[in-house]
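Hi,

Here is the model I promised to pass on to you. Please have a look at it first, and then read my notes below.

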Amino acid sequence: MYSDAHIHLFDIFNASGDMPSPLPGSVLCASSHSQAEFAWQESLARVWPDQIRLSFGIHPQEPSLECLPFLEQLAAERRISAVGECGFDRFEARYRKTIDAQRAAWDAQLEVARDSGLPLVVHCRKALDLAFADTKRLKGLKAVVFHGWPGSAGEAASFLDRGVNAYFSCGKGLLRGDRSLKATIASLPIERVLTETDAPWMTLRGEAISIPADIRAVTAEAAALRGMDRAAFAEAVFANFIAVFG
């Protein structure tokens, strides 16, 4: 039973022209950032209601509050299983210029997650210090999923030590040989680990896009790092996915 905590089905379709579908028996959470994207993914979720969960958020790379009323509506109507991805991005100069707008979007989405009782999916590049600064509010949320975990094992442990109900999602960075990510996944309590593809993004050298089936390789690598049987690892991570997204 594979579980993909972060994927963009609409972007896969746009990039490949092929209609994406979950692996048999798998579950995934499809993230969207526009009303059109959400509507497309919601239609697909009706085809696989037991396999596809949906999230919606204001991405820090496009931190406009224009979609905030729509997010609030989705949360109130329980049409999403999580708020996000949201957070901070200081990876490039063009994003660093919008940090005030990113903070405003972050603040608004934390309120939606708190008021709705939904988990928060966090995108954070070169900005973990800003997430750490908000641990008091994060610890009041149902769960916090760090998509594409960018930090160290010690930083992951610090979020947990501070009382945040945090989960750390690993993707194809493991296959790229990311030493920090490998150390984190090897050392975390298994109850805190999630797997993802971030498809069609997060590619390996020579790949045009990532696809849903890449979750097999991610799961196998993570299981090997922990010295676990792949099926047992996948079952444990599946339970974590259900605990977060329902």
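**What I found**

The protein chain has 12 helices and eight strands, both taken as DSSP runs numbered from the N terminus (helices H or I, at least four residues; strands E, at least two). Before the details, a word on the basis: this is a predicted model, in which local features need pLDDT of at least 70 and side-chain atom pairs count only at pLDDT 80 or more, while totals for chains, interfaces and linings use all residues. Residues are numbered from 1 along each chain as its sequence is written, and side-chain values use heavy atoms, with hydrogens and water left out.

The C-alpha trace spans about 45 × 40 × 35 Å along its principal axes. Of the 246 residues, 52% count as buried, meaning under 20% relative accessible area with a 1.4 Å probe, protein chains only.

Now to the strands, where pairing requires at least two DSSP bridges between two strands. β4 (residues 82–89) runs parallel to β5 (residues 120–125), joined by five bridges, and V83 has L120 as its bridge partner in β5. β5 also pairs with β6 in the parallel sense, over three bridges; here L120 stands opposite V144. β6 (residues 144–146) in turn pairs with β7 over three bridges, again parallel, with A166 as the bridge partner of V144.

Which way do the side chains of β7 point? A166, F168 and C170 point one way and Y167 and S169 the other, and all are buried. In β5, five of the six residues are buried.

Rings of Phe, Tyr and Trp (its six-membered ring) pair if their centres lie within 6.5 Å, with planes under 30 degrees apart counted as stacked, over 60 as edge-to-face and the rest as tilted. By this rule the count comes to 13 aromatic pairs. One of them is F146 with W149, edge-to-face at 5.3 Å centre to centre and 75 degrees between the planes; both residues are buried. F146 and W149 also belong to one aromatic cluster with F132, F159 and F168.

Finally, the charged end of R192 sits over the ring of Y167, 5.1 Å from its centre (the rule asks for NZ of Lys or CZ of Arg within 6 Å of the ring centre and within 35 degrees of the ring normal).

Methods
Buried means under 20% relative accessible area, exposed over 50%, partly exposed in between (1.4 Å probe, protein chains only).
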